[in-house]
Amino acid sequence: MENKEPLIITNKDDMRRWSRTAKAQGKIVGFVPTMGYLHEGHLSLVQECKQHSHLTVVSIYVNPGQFSPNEDLSTYPSDFIGDIDKLKNKAGGVDVVFHPKNLYDYGKHDGVVNARSSDLAEGKVVSCVENSGMGHETWVRVERLEKGLCGSSRPVFFKGVATIVTKLFNIVEPDVAVFGKKDYQQWRIIERMVRDLDFGIKIIGAELLRDPDGLAKSSRNVHLSPEQRKKATSISESLFNAKTAAQKGQVVCRELKDLVIKTIHEAGGKVDYAEIVDQESLEALEEIKSPAVFCIAAWFGNVRLLDNVEIIV
């Protein structure tokens, strides 16, 4: 089964048919949704998925629904041929790569939407959170969990994520889906959405993967200069220092957050947020008395990096 060529499916009806056929044969279908430009973090999700399923589907789709109009979607990196190569040679192969063109195109266009369709035909990715964007008007909200953390600076992000994951779940119809804990808030939002809407899907959170220098693996890391990358390791270093301090009895969150923010600022970074929250509810804590997670987003240059550590005292 090693290094096999995946079946590439671009049509959602074909994807649904494949899954239903597999499940009718008693197979457990596992799913890893991605936006492509795969790195070892993604590949570790694939490996995790294989532990829980007979067949593995990876989607590669840059979702316009999670980008606001002022975020430049066209610069999102892509390397589809490279992604297929990595799935074959580094992840040991997957069964299906679902690579749809536009999941917000419903085949009926008029006025402004026609112009947007032509943009898509030319390979441009268009945000569909604008008023007339693609005629799509149904959104999934996980109302409390989407507030705070990344939701504060990117207010449309999680409704876009929850909506596209719902669409993908309804198309792929998996039994199991794997999400990385690097995007901790996203993982918890998907867990809650699946529970609340009664999806018959088991959600697995895969552990965050790091490079040898401690930086959390991310598609965005390629945009860091060597000097910025060296400075950005202050994020993980300060998080682990905070975790150690908490385990030694320093459980006042304000003090721990100040420690991390100071370290990152001194390294030349700009902190978007640094929050210690309950692992389940994501509500901010004043003191660590229950399982917590220290979540951070920080800018080095024009690159926004996410990281977190779970803390149990």
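Student: What should I know before I start?

Tutor: The model is predicted, so local features need pLDDT of at least 70 and side-chain atom pairs count only at pLDDT 80 or more, while totals for chains, interfaces and linings use all residues. Residues are numbered from 1 along each chain as its sequence is written, and side-chain values use heavy atoms, leaving out hydrogens and water.

Student: Is strand β2 buried or exposed?

Tutor: Buried means under 20% relative accessible area, exposed over 50%, and partly exposed in between (1.4 Å probe, protein chains only). Strands (E, at least two residues) and helices (H or I, at least four) are DSSP runs, numbered from the N terminus. Six of the six residues of β2 (residues 29-34) are buried, so this strand is largely enclosed by the rest of the structure. Val29, Phe31 and Pro33 point one way, and Gly30, Val32 and Thr34 the other.

Student: Which strands pair with β2?

Tutor: Two strands pair if DSSP finds at least two bridges between them. β2 pairs in the parallel sense with β3 (residues 55-60) over six bridges, and two bridges join β2 to the parallel strand β5 (residues 176-180). Glycine 30 stands opposite threonine 56 in β3, and its bridge partner in β5 is valine 176.

Student: How many residues has the largest nonpolar core?

Tutor: A nonpolar core is a set of buried Ala, Val, Leu, Ile, Met, Phe, Trp, Tyr and Cys residues joined through side-chain atoms within 4.5 Å. The largest has 46 residues. Helix α6 (residues 157-172) gives the most to this core, with 10 residues.
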